[in-house]
Each structure stands twice: as C-alpha cells, then as structure tokens.
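Hello,

Here is the structure I promised to pass on to you. Have a look at it first, and then read my notes below.

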Amino acid sequence: MTAVQGQVRARTLGELLQTPEYAGRTPFDGRVRLVHDEVRENLTRKLRGGEDLFPGVIGYDETVIPQLTNALLARQNFILLGLRGQAKSRILRAITGLLDEFVPVIDGVDMPDDPLNPIGAEGRHLLEVHGLELPIRWLPRDARYVEKLATPDVTVADLIGDVDPIKAARLGTSLGDTRSMHFGLLPRANRGIFAVNELADLAPKVQVALFNILQEGDVQIKGYPIRLELDVMLVFSANPEDYTARGKIVTPLKDRIGSEIRTHYPTDVRQGMEITAQEAVRDTGVIVPDFMAELIEEIAFQAREDGRVDKMSGVSQRLPISLMEVASANAERRSLTQGDHPVVRVSDVYAGLPAITGKMELEYEGELKGADTVARDVIRKAAGAVYARQLGSADTRELEKWFEDGNVFRFPQSGDAAGAMKATRQVPGLTDLAVTVAGSNDDAVRVAAAEFILEGLYGRKKLSRAEETYAAPEPETRQQRGGRWN
C-alpha cells in the first residue's frame, strides 16, 4: 500500500480488491462505473447537501446552472454556446469538482484504463500477464480533465491518434492492433472529461471522428478499423458568431450533443462588479471606492449597448477586469510619486483606455470615429448612468450656475489629496457633495468622489469636459436642453 494525501492507496490489483469499495470484484466482471454515472452520483450528493456546485461561477444561478445540472443528471454530453468572456471555459473546468478525488488506473500504459475492465489491448495484455500483481496508480481529478482549443489545422491524429510503425515493429504486432497506436488527446482522456473549445472551428472530418468513436465505439486510423470503447464525458463550447460564420458543426455531431446551453453576460451591474472583484488582480493595497467600481463595470454595460460596437462579437467581461487592473496600477503609480493613499479616480479610468479599446470590435461608424473616441464617449455615458443612480436627486443648481457664469475648473492631478480637496472648495457645493458620496474621512477618497461628481455631471450633459478641465456645456448642448438647468 502507498499513502496518497493522507490515505492509504493500493499499489496492485490484489491490494485494490482487498479494499471495502472493491471487495467481491473480479477481473473482467463487467461492472463498470462510467464517468457520467460518477459525475451524477457526486452531483446528487452535493445537491442534497446544499453545496455550491460550481464555485466562482457568478450570475448563472437562475439560468445556466439549472440547465447544466439537468444535463449532468441526465448523463448527457453538452455544448455551452455564448459570446467571448462568458465563463464558458471556467464552467467546463469546474465540472472536475464533480469527479472522485482519485481513481485507480493501470500503471505503465498511455491511456488511463480501468484495472478490472481495461478497454485497451495493452491494458488487457498486462492484466492477463500480471493478474493480481498488476501495478496500478491513482489518478487525481485534475489530471482527468483534457482540454483542446479547436483550430482548422487540428487533425484526427491529434485527437484520436495514429499508427506508430516503430511501436508495432517493437511489439511485433500488426498495424491494425491498438497496441501499435500512438494515442491522441481523446483516448488519453479516458475515464475523464474531454473538452473542445470553439467546436465549430474543427474540420468536418475531425468532427465525424468524434461522434463516431463515442457513439459507435470505432474509428479508422489510416484505413485500419480500430475499436476503442472510451469512457469519456465530452463537453464543448462555441461562439454563436463562429457557429455558422467561420465554421459549422456537422449535423450528426450536433444531433448527438445532448443539451445546448446558452451563456450570457451579467444581467445587472452589481453582478458584474462581483465577477470583476473576484477576477481582477488587486493585491497592492489600492482602494477602489464603490462608486468607482460601479463606474468601471458600467462601462462594459454601456459598450454592449452602444450602436458603434459590434453586437455579434460582444464585449467581454474581461474589459472591466482589465480596466480595474490598469486603473488600480495608475492609482498606485500616482501614490508612489505623491505619497497619498492609492485610490482609484476617474483620471485613472481614462489612463486605462488601452484596456477598453482592445476589447471592443467596432462597426463601420465606430471605425470612422476611432476606438479612443468611442471609448471616451462610453466612459462619459457610464459616468452619467452611475451618477443618475447614486445622485440623481441631488441639488446641483448652484454648482451648475457657477460654471454657467463662465468659470472653469481644472481638476488637480498632482500634489497631495489635501491640496486637491482644498481646490475643490472653489466650486460651490462640490466639497459637501463629495463628502456625502465618499462616506469616508480619507481626503484621497473624497477627491475621487469630487472628480466622479464632475464626470457624472459631464455624462448627463450638464457640464463639458476637455482633458481634466470642466466647464459649462457647449452652446448646442444647452440649446438641446432648452436652456434649463435641472
């Protein structure tokens, strides 16, 4: 026996048969516990215990997860269909949590094989030769997940395998013997989960090989019929844009996929903020006030609604995640040179424009205006939307009148927070409103709140903005609003 993570594990088939779980079993007894059954049993146990089925997957409790649970309970293979940045790969990888912690496999073979009921010729041969002394090893659940990103150049040999003449000569077998095969990714995923990302990009003949080996249990390698009755849960992901554009899923394979589950972006800003907070790398002590976190998330929501952004490509959840990281880095850089607490401000969001422009595919109109212009306009709209939710009823008439009288305010970007806060006092009502929004005694947070308020008024077209300078709205904007300051 050998110890595996504190538990004693059998090293041979004879030792395995002495354990309570395998007592009474015999080689080739035909009692096979399939991967689909294993996942179903563990899923059932978690459901009864009220456990979190897919930790880290946020926003799908009422939509994707119930459909996914049904597919797993029904022992189905499935496909996740959704735009980029919708946690498809995370969900597929999370299914490994429904596998047993360890399973025994025959040691010394390329394809993980059941010690009692091997499907490979090499495994069967070793069992006949060694009997109860058959060496086994314990495969952890993470090693039972195999993932392949589909590209047009993927071949049947990559996924299934190919005949190895040298191996056949060494073993003294024919080329049609499975012992002469060099196994691809799918056989190496036996007794586990095989995931194919972007399924539509696979060539049709490769897709045919997938459904053939899973449904009929055989496949032809270089003209030789080879039977491999694999025990694999097959899961896919695909992007609707590519589903029919770049490639196509062949009808027989589509017909054999049990469930088609559609993913989606977060349905509300708070949900998105939770995802971004979980995924963004922020371990540098940078403070992100709630109103700034909401602004960063709202930018993604506004981009998804903007007519200049391609809806088919979508706006990935990676946009707010990347923007949060870059804005935090800019705040940290400012604090290192000025000595204040690092607090994310609106100016840091503008410094994060590269994290926005690279995440949006633009329509023709957007291309004409340019990615930077579209991104800045999206920030403006987002600031207006967040301001309306948080301060929509605030009385800012005195503040707006001050700008209407021709005053201009350049928001301080250098110096300490105390000095910047002092500068905001020249704008009537701004300091008091900033204190209310900040909810903190930290001058750095209050400065961030003051800049957010001015940006929000700019977003609602009550002010104009040029770099860090705020002023009265442009004449045409006032005319559109009928000269009313509300």
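**The largest pocket**

The largest pocket holds about 550 Å³ of space. Please keep in mind that this is a predicted model. Which residues lie nearest the centre of this pocket? They are G85, Q86, A87, K88 and R318, out of 27 residues that line the pocket. By class, the lining has 12 polar, 8 nonpolar and 7 charged residues.

**Aromatic rings**

A pair of aromatic rings is described by two things: the distance of the centres and the angle of the planes. Searching the whole structure gives 3 aromatic pairs. One of them joins F291 and F452: the ring centres are 5.2 Å apart and the planes are at 35 degrees, so this pair is tilted. F291 belongs to helix α13 (residues 290-305) and F452 to helix α22 (residues 443-459), so the pair links distant parts of the chain, 161 residues apart. Both F291 and F452 are buried.

Another pair, F409 and F411, is edge-to-face, with 85 degrees between the planes and 5.8 Å from centre to centre. F409 and F411 are buried too.

**Charges over rings**

R465 has its charged end over the ring of Y350, 4.0 Å from the ring centre. The charged end of R304 sits over the ring of F301, at 5.4 Å from its centre.

Enjoy exploring!

Definitions and conventions. Residues numbered from 1 in each chain as written. Predicted model: local features only at pLDDT ≥ 70, side-chain atom pairs only at ≥ 80, totals over all residues. Heavy atoms only, no water. Phe/Tyr/Trp six-rings, centres within 6.5 Å; stacked < 30°, edge-to-face > 60°. Helix = DSSP H or I, 4+ residues; strand = E, 2+ residues; numbered from the N terminus. Buried < 20%, exposed > 50% of the residue type's maximum accessible area, 1.4 Å probe, protein only. Lys NZ or Arg CZ within 6 Å of the ring centre and 35° of its normal. 1 Å grid on protein atoms, 1.4 Å probe; cavity = no way out; pocket = protein on both sides within 12 Å on 5 of 7 lines; lining within 4 Å. Points joined across faces, edges and corners; volume = space filled by probe spheres on them. Nonpolar A, V, L, I, M, F, W, Y, C, P; charged D, E, K, R; others polar.
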